[in-house]
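Visitor: I would like to go through this model with you. Could we begin with the ligand site and then turn to the backbone?

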Amino acid sequence: MNAEKTFTSLMGELDYPMFIVTTVGADGERAGCMIGFATQISIDPPRFLVGLSEKNRTYRVARRAEHLAVHFIPADGEDMAELFGSETGDDVDKFAQCAWHEGPAGLPILDDLPNWFAGRILERVERGDHQAIFLEPIAAEREADEQELTFHRAKRIEPGHAP
Ligand SMILES: Cc1cc2nc3c(=O)[nH]c(=O)nc-3n(C[C@H](O)[C@H](O)[C@H](O)COP(=O)(O)O)c2cc1C
C-alpha cells in the first residue's frame, strides 16, 4: 500500500467524538453542520481546532463570521447528527427543524445539545479541502454528564455535501 492509502485506512479505524458547529454571518445568516475534524489544540491558553469542508454551506457562512459554537453530541443524539450531518443548508432550513436560541455573539445554540462552547475565530488556515479554524473559547455550558456520539456510529450518515 502507498502512504496515502495506508494513512486513509489508519484514520478510518480511529474513533473520535462528533460535534455540531453552528455560526452566524455578519448579515445574520445562520448555518451549521456536524464535524469530526475537531480537537483541543492548546491547554494554556485554551484553544480548539475545527476543520470545515470548503464544500459546506457552513464553511461559506463561517467565512463571514467571527465566532463558532461547538456543540457536543450525546450518544443518543442521532436525530441531531442526522439533521446536521446529512442535510445541507443549501437545500433545507435546519434551524426550522430543531429548537435553538440566540447565545453569545448571536450564535445559534441548539437546545437539544446541553454541552457546548462558543469560540472566537483567531485564525484560518487553508492547506487542503478543509479549512482549519482556530478558536478561543469565550463562553461555555456544561449541563449534562454524557457519553458522546462517536465517528464509528456517525459514519453511516450520508453527508449532505460529499466530502
Ligand atoms: C461522519 C461524518 C463526519 C463529518 N465530518 C465533517 C468535518 O469534519 N468537517 C466538515 O466540514 N464536514 C463534515 N461532515 C459533513 C457535513 O456534516 C455535511 O456535509 C453537512 O450536510 C454539511 O451541511 P451544510 O452544507 O449545511 O454546511 C461530516 C459528515 C459525517 C456524516
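Visitor: How far is an oxygen atom of the ligand from an N or O atom in the side chain of Lys-94?

Guide: The distance is 3.0 Å. It falls under the polar contact criterion, a pair of N or O atoms within 3.5 Å; within protein, one must be able to donate a hydrogen and the other to accept it, and residues adjacent in sequence count only if both atoms are side-chain atoms. Please note that this is a predicted model, in which local features need pLDDT of at least 70 and side-chain atom pairs count only at pLDDT 80 or more, while totals for chains, interfaces and linings use all residues. Residues are numbered from 1 along each chain as its sequence is written, and side-chain values use heavy atoms, with hydrogens and water left out.

Visitor: Where does Lys-94 lie, and is Lys-94 buried or exposed?

Guide: Lys-94 belongs to the loop between helix 3 and strand 6; helices (H or I, at least four residues) and strands (E, at least two) are DSSP runs, numbered from the N terminus. Lys-94 is buried, with a relative accessible area of 5%. Buried means under 20% relative accessible area, exposed over 50%, and partly exposed in between (1.4 Å probe, protein chains only).

Visitor: Which side chain has an N or O atom 2.8 Å from an oxygen atom of the ligand?

Guide: That side chain is the one of Asn-56.

Visitor: How much of the ligand's accessible area does the protein cover?

Guide: On its own, the ligand has 650 Å² of accessible area, and the protein covers 94% of it. Such areas come from the Shrake-Rupley method with a 1.4 Å probe; for residues, only the protein chains shown count as cover.

Visitor: How many residues surround the ligand, and which are the closest?

Guide: The ligand is surrounded by 27 residues, and the closest are Met-34, Ser-53, Thr-58, Thr-88 and Gly-89.

Visitor: Which element gives the most to the shell?

Guide: Strand 2 does, with 4 residues. Among the elements that each supply at least two residues are strand 4 (47–53), helix 2 (57–62) and helix 3 (78–86).

Visitor: Let us look at helix 2. Is Thr-58 buried or exposed, and what does its side chain reach?

Guide: Thr-58, in helix 2, is buried at a relative accessible area of 3%. Its side chain reaches the backbone nitrogen of Cys-33 at 3.4 Å.

Visitor: And what does the side chain of Arg-57 contact?

Guide: Arg-57 is also in helix 2, and its side chain makes a polar contact of 2.4 Å with the side chain of Glu-29. The side chain of Arg-57 reaches the backbone oxygen of Arg-30 as well, at 3.1 Å. Arg-57 is buried, with a relative accessible area of 16%.

Visitor: Changing topic to the backbone: which peptide bond is cis?

Guide: The bond from Asp-44 to Pro-45 is cis, with omega near 10 degrees. Pro-45 lies in the loop between strand 3 (38–42) and strand 4. Asp-44 is exposed, with a relative accessible area of 72%.

Visitor: What is the phi of Ala-105?

Guide: Ala-105 has a positive phi of about 60 degrees although it is not a glycine. Most residues other than glycine have a negative phi, and most peptide bonds are trans. Ala-105 sits in the loop between strand 6 (100–102) and strand 7 (108–110), and it is partly exposed at 46% relative accessible area.

Conventions. Near = heavy atom within 4 Å.
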